[in-house]
Amino acid sequence: LEEVWNSFPHMEEVRIRRTLGGFLFSGDETQKTIASLSGGEKARVALAKLMLLEANVLILDEPTNHLDLASKEVLEDALLEYDGTILMISHDRYFLNRLTDRIVELSPAGAEHYLGNYDDYIEKKAELQELTEKATISVAPTESPKSVSSYEQDKQAKRDERHKQRRLEQLELEIAGVEDEITEIEHTLAKPEVFEDYIAVREWQAKLEDAQQNLANLYKEWEIWLEK
């Protein structure tokens, strides 16, 4: 509370508390010191201050990093209500699909704009690729059955590659989420009220082992897909 209020000293306390409540800080949690917060909690405090700033443009770099699922939902809801312009970079496809209405693809040739969210962008790219391939075939000399078969094989190979890339992206998001979960569990295990309680330590240690096994399985699957 003090951290946010010091940044907006002329703002009413009720509005400060309402904003903090929107970012999952209520009751005694508003009295926590910044030093005692986890990485995700510190990010929520920073985002609360950002919302109170009422800027008309936000530039966000991987805003969902270190946030748990509940915090991500709070951030998404806050940004959906935001009236200004948001320019952001993110590997979180679900987050992009909920919030974006334009994708900018950067390449050595320049910047290409696509209206819609991330799924719309992927679909449009696939459509443009197919149109380009059909145009190339239509102006090509008469092809032998072998050439047509080769084209179909190439087309299937490109579909397979797109499927592979999508699965790799999904796995990377899941890996990042589990790594964040492990960090949170390790932070919890370091708390005096936990490591001094034998039963609590056993419960959290079991959660940590499950998360670590899950992470190992995800990395194994990621390696398999990468080698395909």
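Reader: How far apart are the closest N and O atoms in the salt bridge of R167 with E221?
Author: This is a predicted model. In it, R167 and E221 form a salt bridge, and the pair links distant parts of the chain, with R167 in helix α7 (residues 145-189) and E221 in helix α9 (residues 198-227), 54 residues apart. A salt bridge needs a side-chain nitrogen of Lys or Arg within 4 Å of a carboxyl oxygen of Asp or Glu. For R167 and E221 the closest N and O atoms are apart by 2.8 Å.

Reader: Is R167 buried or exposed?
Author: Buried means under 20% relative accessible area. R167 has 18% relative accessibility, so R167 counts as buried.

Reader: Which class, buried, partly exposed or exposed, does E221 fall in?
Author: The partly exposed class lies between the buried limit of 20% and the exposed limit of 50%. With 27% relative accessibility, E221 is therefore partly exposed.

Reader: Which parts of the chain does the salt bridge between D92 and K72 tie together?
Author: The closest N and O atoms of D92 and K72 are 3.7 Å apart, and the two form a salt bridge. The residues lie 20 apart in sequence, so the pair ties together helix α4 (residues 69-81), which holds K72, and the loop between β2 (85-89) and α5 (93-99), which holds D92.

Reader: What are the relative accessible areas of D92 and K72?
Author: D92 is buried, at 9%. K72 is partly exposed, and its relative accessible area is 21%.

Reader: In the salt bridge of K32 with E41, which residue is buried?
Author: The closest N and O atoms of this pair are 3.4 Å apart. K32, at 35% relative accessibility, counts as partly exposed. A relative accessible area of 16% is under the 20% limit, so the buried residue is E41.

Reader: Which residues are linked with E76 in a network of salt bridges, and how many salt bridges does the structure hold?
Author: Side chains of opposite charge can pair when their charged atoms come close. The network links E76 with D77 and R98. For the structure, the number of salt bridges is 12.

Reader: Which element gives the largest share of the lining of the largest pocket?
Author: About 1400 Å³ of space lies in this pocket. It has 44 lining residues, and M88, I89, S90, H91 and L96 are the closest to its centre. At least two lining residues come from each of β1 (57-61), α4, β2, α5, β3 (102-107), α6 (118-138) and α7. The largest share, 7 residues, comes from α7.

Reader: How many residues of the lining of the largest pocket are charged?
Author: Asp, Glu, Lys and Arg count as charged. The lining has 20 nonpolar and 9 polar residues, and the charged ones number 15.

Reader: Which residues are closest to the centre of the second largest pocket?
Author: This pocket holds about 360 Å³ of space, and α2 (13-22), α3 (39-53) and α4 each supply at least two residues of its lining. The lining divides into 6 nonpolar, 2 polar and 5 charged residues. Of the 13 lining residues, the closest to the centre are T19, F23, M51, A78 and E81.

Reader: What accessible area do V57, I59 and L87 have together?
Author: I59 is found in strand β1, and I59 is exposed, with a relative accessible area of 68%. With V57 and L87, I59 forms a nonpolar patch on the surface, and together the three have an accessible area of about 320 Å².

Note on methods. Residues numbered from 1 in each chain as written. Predicted model: local features only at pLDDT ≥ 70, side-chain atom pairs only at ≥ 80, totals over all residues. Heavy atoms only, no water. Buried < 20%, exposed > 50% of the residue type's maximum accessible area, 1.4 Å probe, protein only. Helix = DSSP H or I, 4+ residues; strand = E, 2+ residues; numbered from the N terminus. 1 Å grid on protein atoms, 1.4 Å probe; cavity = no way out; pocket = protein on both sides within 12 Å on 5 of 7 lines; lining within 4 Å. Points joined across faces, edges and corners; volume = space filled by probe spheres on them. Patch = residues over 30% accessible without salt bridge, like charges linked within 9 Å, V, L, I, M, F, W, Y side chains within 5 Å. Areas by Shrake-Rupley, 256 points an atom, 1.4 Å probe, with all protein chains shown as cover.
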